[in-house]
Amino acid sequence: MTETQIVRRVIKPIVFLAALQPAGWLVYNAFWGDLGVNPVETITNHTGIWCLRFLVLTLLITPLRWVSGLNALARFRRPIGLFAFFYGTLHFMTYFVLDHSLVFDGVWEDVVKRPYITAGFTAFVLMIPLAVTSTTGWIRRLGGRNWNLLHRLVYVSALGGALHYFWKVKLDTTNPIYYFAIVGLLLAARVWKAATKKRAVAPAAARVAPQA
Amino acid sequence: MLIKPTPDLRESEVTPRELYLRRREFIGAAGAAAAALATGAMAPGEAAAQNPSAQKLANLKKSSFSTTETMNSYRDVTTYNNFYEFGLDKGDPARHAHSLKPRPWSIKVEGECAKPGTYNLEDILKWFPLEERIYRMRCVEAWSMVIPWNGFPLADFVKRFEPTSKAKYIEMRTLLDLRQMPGQTEPALVWPYREGLRMDEALHPLAMLAVGLYGEVLPNQNGAPIRLVVPWKYGFKGIKSIVSVKFVEKEPLNTWQQTRADEYGFYANVNPDVDHPRWTQKTERRIGEFFRRKTLPFNGYGDQVASLYAGMDLRKHY
């Protein structure tokens, strides 16, 4: 098998199965009635934290590629990002359907009045155009440069997600601060890379495909 | 292919409705029993029904203050707790509270009263007949339960010590003991936990001190051996594992107000019209129910307690 085949036939299925584990955990425990005393809370927290984790993983891939030189990693950026959107959608739907029983007024009041919901909702909404344009067809339609530019919105989503978590916690902000630090570090890596690249490459020889 | 009609189900084969409705308890009980067999022991509070090793409370007087609403299960009440002295997760108290030693126990009574002193819990329990009171409990986090508490009116307890005219408030404290309450090694809150009531609130017949629930001695994770229950206020007013009662002239600073004064006040009356800054108080999730329900002023006890706050701006005194 060529490297491409190994990635496509072996590694990708493994990554997909692993990424579905958190959803599997939910289905399994829901089936056995084992989601705790407050299942809505359990589902909300579980899908929320996994959305944030996948956002962090998405941001991790490019710096990891720089460090390791493994360009095949780039193939996982879109699927992992889509998993973040998948868990984000479950998270939002849990909140909207299970917690607010599809009552729009309650959700809207939250979005407008409560900063932690504003941050989380913004983070989620910004992921929608990214999910929609995640296909190869859309990359072609938009052009690589525009597509990369648009998909930088994921930075805002990750920061919004971390902020949402930070503001939501009642007392112990240790974990949210970790997420903040990691997202901040991954964004700083990009700034640093861009700065050093500008210095290294002569302005006339600008590269065509900027990295997101 | 020919599909044969299935024979009618005989009446005797149908699971009675009561049993069917309790099926999860049986599954849970079977699981707990299997776990107990495997480990040779039953962890405290882990049984699906009541805790078989807990001491039963006898001669419980039924109270007319009890609600007829469906009670939450023993499991709900004893495995989903906010008791930060044992950890911040709601499952932590049930897992870690075994380190608390609720016997022997004494309460120090001090301040503006004629009979200060240190009183043994065993003696205190002889003073009053125990009642069963089924109360709604509304947490400030917007969930609620219905809990059958066992205890006695706080008013009877307070009057024993003959508070003076200077006693305008009552302040209570939780045990401070890093070994028994390992959560106190974390600076999550300023320990020990403190709560207070205005004197007329403390003397209100609805306020009670609980020493049990579901007809059994109070499990550690629920605030053993003695805790406050004030059903018209948010749950955090119900201070647990009380070791000190002080009669004071000035409004005491309760722990949550000290921690975040913009989010938690002294009165903490359940009030759907005053939102917590981060979430709505208009509705709540009754544990075990699918849809949120409307939150009632004073948690539905307005007829009894609203007069305590006549003329007060409850938006200001949240």
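**Helix packing and the terms behind it**

Mentor: In chain A, residues A:Gly81, A:Leu82, A:Ala84, A:Phe85, A:Gly88 and A:Phe92 of helix 3 meet A:Phe124, A:Met127, A:Leu130 and A:Ala131 of helix 5. Two residues are in contact if their C-beta atoms, placed from the backbone, lie within 7 Å. This is a predicted model, in which local features need pLDDT of at least 70 and side-chain atom pairs count only at pLDDT 80 or more, while totals for chains, interfaces and linings use all residues. Residues are numbered from 1 along each chain as its sequence is written, and chains are lettered from A and ligands numbered from 1 in the order in which they are written.

Trainee: What makes helix 3 and helix 5 of chain A oblique to each other?

Mentor: Their axes come within 10 Å and cross at roughly 135°. Angles under 35 degrees count as roughly parallel, over 145 as roughly antiparallel, 65 to 115 as roughly perpendicular and the rest as oblique. Helix 3 and helix 5 of chain A are therefore oblique.

Trainee: Why is helix 2 of chain A called roughly antiparallel to helix 3 of chain A?

Mentor: Helix 2 and helix 3 of chain A pack at about 160°, with their axes 8 Å apart. That angle makes the two helices roughly antiparallel.

Trainee: What is the span of helix 2 of chain A, and what span is expected?

Mentor: Helix 2 of chain A (residues 39–68) has 30 residues and reaches 41 Å from its first C-alpha to its last, close to the 44 Å expected at 1.5 Å a residue. The expected span is 1.5 Å times one less than the number of residues.

Trainee: Where does helix 2 of chain A have a kink?

Mentor: A kink of about 30° lies at A:Ile61, shortly before the proline A:Pro63. The bend is the angle between axes fitted to the seven residues ending at a residue and the seven starting there. Just after helix 2 of chain A, A:Gly69 has a positive phi of about 75°.

Trainee: Why is A:Ala189 called partly exposed?

Mentor: A:Ala189, in helix 9 (residues 174–200) of chain A, has 17 other C-beta atoms within 10 Å and is therefore partly exposed. A residue is buried if 20 or more other C-beta atoms lie within 10 Å of its own, exposed if 12 or fewer, and partly exposed in between. Of the 212 residues of chain A, 26% count as buried.

Key:
Helix = DSSP H or I, 4+ residues; strand = E, 2+ residues; numbered from the N terminus. Axes fitted to C-alpha atoms, helices over the stretch in contact; angles between N-to-C directions.
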